Amino acid sequence: MLTRRSLFVAAALLVSASPAFAQDKLQDKFQSKLIVVASFSILGDLVKNVGGDRVNVSTLVPPGGDAHVYTPTPADAKRLVEAQLVIVNGLGFEGWLSRLVKASGGRMPVITATTGIKPRKLPGDHGHGHGHSHGEADPHAWQSVANVRTYVTNIREALIAADSAGAAIYRANADAYFGELDKLDREVKEAVAKLPAERRKVISTHDAFGYFADAYGITFIAPQGVSTESEASAKDIAAIIRQIKAQKIPAVFLENVTDPRLMRRIASETGAAVGGTLYSDSLTDEKGDAPTYIGMVRHNIKALTSALTN
Ligand SMILES: [Zn+2]
């Protein structure tokens, strides 16, 4: 009669007698994951949420990096050669990507996650030197949670097209994430509703929050004539200081992808509070304040609320 113990021994013998078989199984399991490359960390997080265990997702621009002005590495080109699916933001965000895709042979599908989103136009009178061209589409569509529903829908359909066997899982994962997004959208609206109307305005360094402003009713003023890549002139700084005083702007914010020194200086000269760091174009690593998209929005709304509450 077989005891538990003898069964275990038999199973152990079977495995050790056929190591090649066991290894093949492991490799199959690994290779059956869909290899997806996302252009930047926020997209990578959305793909992870929809793809779950069926996808192996990596991102080109690392957490904390600036996707507007990224310089791809040879390792990125190699990663694209191995990718079965590439997901990008579009709206002119990743100007460096098409050359990289071409260099890698360009045989994998490249899906634009913002397809179907109505682009807002970047204001034409700002010179922020952040890689945007004036009057063109604003790429930062993810700053409206409602838009991220469209991102997730596009990602879900791309994953199903690349791996139809996972369709039911991708649909279920996307549905669960839609629920989280709806909850997040309500949280942001409730937080803004609690702020006095006259205090719903801040200065931030680059035009990354236009969709957020449109969706939630906080005015973001990116100072005129200020470039994130060069020193602001004394005249520029004087103009910003006048604007902060005239419009009684309560707080200035730093961003994780731009140089904080200018904003600190402006804050010290106007008495406006430095409201902390807003995460605009990139997540942090696991240990940071914004390791996921939902975590990023929660962090930003907390920073805004605490700076703008009386
Ligand atoms: Zn940006």
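Me: Which residue is the bridge partner of Val 86 in β4?
Reply: Strands are DSSP runs (E, at least two residues), as helices are (H or I, at least four), and both are numbered from the N terminus. Two strands pair if DSSP finds at least two bridges between them. β3 and β4 pair in the parallel sense, over three bridges. In β4, the partner of Val 86 is Val 110.

Me: What pLDDT do local features need in this model?
Reply: Residues are numbered from 1 along each chain as its sequence is written, and side-chain values use heavy atoms, with hydrogens and water left out. The model is predicted: totals for chains, interfaces and linings use all residues, side-chain atom pairs count only at pLDDT 80 or more, and local features need pLDDT of at least 70.

Me: Which strands stand at the edges of the sheet, each with a single partner strand?
Reply: The open sheet has four strands in the order β2-β1-β3-β4, with parallel pairing. An edge strand has a single partner, so one side of it is left without a neighbour in the sheet. That describes β2 (55-59) and β4 (110-112).

Me: By how many degrees are neighbouring strands of this sheet turned against each other on average?
Reply: The sheet runs in the order β2-β1-β3-β4. Direction is ignored for this value.

Me: How many of the five residues of β1 are buried?
Reply: Buried means under 20% relative accessible area, exposed means over 50%, and partly exposed lies in between (1.4 Å probe, protein chains only). β1 is mostly covered. Of its five residues, the number buried is four.

Me: Which strands does helix α4 (residues 74-82) lie across?
Reply: Axes are lines fitted to C-alpha atoms, for helices over the stretch in contact, and angles run from 0 to 180 degrees between N-to-C directions. Helix α4 runs at about 140 degrees to β1. The strands that α4 lies across are β1, β2 and β3.

Me: Is Arg 156 buried or exposed?
Reply: Arg 156 lies in helix α6 (residues 145-162). Contact means heavy atoms within 4.5 Å. Not counting residues up to four places away in sequence, Arg 156 touches Val 50, Tyr 170, Arg 171, Ala 174 and Phe 178. Its relative accessibility is 17%, so Arg 156 counts as buried.

Me: How many residues of the contact of α3 with α6 are nonpolar?
Reply: Leu 43, Leu 46, Val 47, Val 50 and Gly 51 in α3 meet Val 148, Tyr 151, Val 152, Ile 155, Arg 156 and Leu 159 in α6. One residue of this contact is polar and one is charged. Ala, Val, Leu, Ile, Met, Phe, Trp, Tyr, Cys and Pro count as nonpolar, Asp, Glu, Lys and Arg as charged, and the others, Gly among them, as polar. The nonpolar number is nine.

Me: How does α3 lie to α7, parallel or oblique?
Reply: Angles under 35 degrees count as roughly parallel, over 145 as roughly antiparallel, 65 to 115 as roughly perpendicular, and the rest as oblique. The axes of α3 (residues 41-51) and α7 (residues 167-193) come within 7 Å and cross at roughly 120 degrees. That makes α3, relative to α7, oblique.

Me: What is the handedness of the crossing where α9 passes α10?
Reply: Helix α9 (residues 234-246) and helix α10 (residues 261-270) pack at about 55 degrees, with their axes 10 Å apart. That makes α9 oblique to α10. A crossing is left-handed if the near helix is turned anticlockwise from the far one by less than a right angle, and right-handed if clockwise. α9 passes α10 in a crossing that is right-handed.

Me: What is the phi of Leu 91, about how many degrees?
Reply: Most residues other than glycine have a negative phi. Leu 91 sits in the loop between β3 (85-88) and α5 (97-103). With 22% relative accessibility, Leu 91 counts as partly exposed. Leu 91 is not a glycine, yet its phi is positive, at about 55 degrees.

Me: What is the relative accessible area of Lys 248?
Reply: Lys 248 is in the loop between α9 and β7 (251-255). Its phi is positive, near 50 degrees, in a residue other than glycine. Lys 248 is exposed, with a relative accessible area of 66%.
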